[in-house]
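The following paragraphs lead a reader new to this structure through its main features. Please keep the sequence and the model in view while reading.

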Amino acid sequence: MGETEKRITDLMNNVEKLHYDTTTLETFEKSSKEFQNLIEQGLAKSRGYNLQTIEDRMTFAFNATSSL
């Protein structure tokens, strides 16, 4: 058995002894629910999946005239 396997086995055997701090997770869940309520009331908008290419983001408008 390799070193990694031994470490995984030890972790699996001691998982009951680990103490997880759930306060952070509960805070995130509460914030998410509050934000969802704001969206339902029309006071906020979900950004969703907004990945864009450089071409989509970098739009320039030029107002130039030529004096030929």
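The chain averages a pLDDT of 79, and 69% of the residues score at least 70. This is a predicted model, in which local features need pLDDT of at least 70 and side-chain atom pairs count only at pLDDT 80 or more, while totals for chains, interfaces and linings use all residues. Residues are numbered from 1 along each chain as its sequence is written, and side-chain values use heavy atoms, with hydrogens and water left out.

The protein chain contains 3 helices and 0 strands, in the order α-α-α from the N terminus. Helices (H or I, at least four residues) and strands (E, at least two) are DSSP runs, numbered from the N terminus. Of the 68 residues in the chain, 0% are buried, where buried means under 20% relative accessible area, exposed over 50%, and partly exposed in between (1.4 Å probe, protein chains only).

Helix H2 covers residues 23–41. Its 19 residues reach 27 Å from the first C-alpha to the last, close to the 27 Å expected at 1.5 Å a residue; the expected span is 1.5 Å times one less than the number of residues. Gly42 follows H2 and has a positive phi, near 85 degrees.

Phe35 is found in H2 and counts as partly exposed because its relative accessibility is 37%. Although Ser46 and Phe35 are 11 residues apart along the chain, their C-alpha atoms are separated by 8.7 Å. Leaving aside neighbours within four places in sequence, Ser46 is in contact with Phe35 and Ile39, contact meaning heavy atoms within 4.5 Å.

Notes:
pLDDT is the predictor's confidence in each residue, from 0 to 100.
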